[in-house]
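This report describes the structure shown below, beginning with a single residue and moving on to the whole chain.

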Amino acid sequence: MKARKCEFCGEKLNKNSTFCKNCGNKVDNNKDVKEAVIDEGTKQSHFLLTIIVVLLAIIVGLGLYFIFFGD
Ligand SMILES: [Zn+2]
């Protein structure tokens, strides 16, 4: 991963910094933030999809169980 630097003083910045801790200028990290949000959203939707698939499998499994073994 590429290290971010303050465009005003060249100080190394933390990934989520909004302000440079050395000179106090606002750091333009909109692009990084947007990419991070998209990445996080994609992960979350995959996570939700996995949960939905597992729940459906359980529901279908229970349904088949009661169809074949239920009274
Ligand atoms: Zn700075």
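## Residue K12

In which strand is the place of K12? K12 lies in strand 2, which covers residues 12-13; strands are DSSP runs of E with at least two residues, and helices are runs of H or I with at least four, numbered from the N terminus.

K12 counts as exposed because it has 12 C-beta neighbours inside 10 Å. Leaving aside neighbours within four places in sequence, K12 is in contact with A3 and K5; contact requires C-beta atoms, placed from the backbone, within 7 Å. The C-alpha atoms of K12 and N22, ten residues apart along the chain, are separated by 8.9 Å.

## Overall arrangement

The protein contains one helix and two strands, in the order β-β-α along the sequence. Of its 71 residues, 1% count as buried. Among contacts with a separation of 6 or more, 0% involve residues 24 or more positions apart.

## Confidence and conventions

This is a predicted model: local features need pLDDT of at least 70, side-chain atom pairs count only at pLDDT 80 or more, and totals for chains, interfaces and linings use all residues. Residues are numbered from 1 along each chain as its sequence is written.

The average pLDDT (the predictor's confidence in each residue, from 0 to 100) is 84, and 83% of the residues score at least 70.

Note on methods: Buried ≥ 20, exposed ≤ 12 C-beta atoms within 10 Å, placed from the backbone. Contact = placed C-beta atoms within 7 Å.
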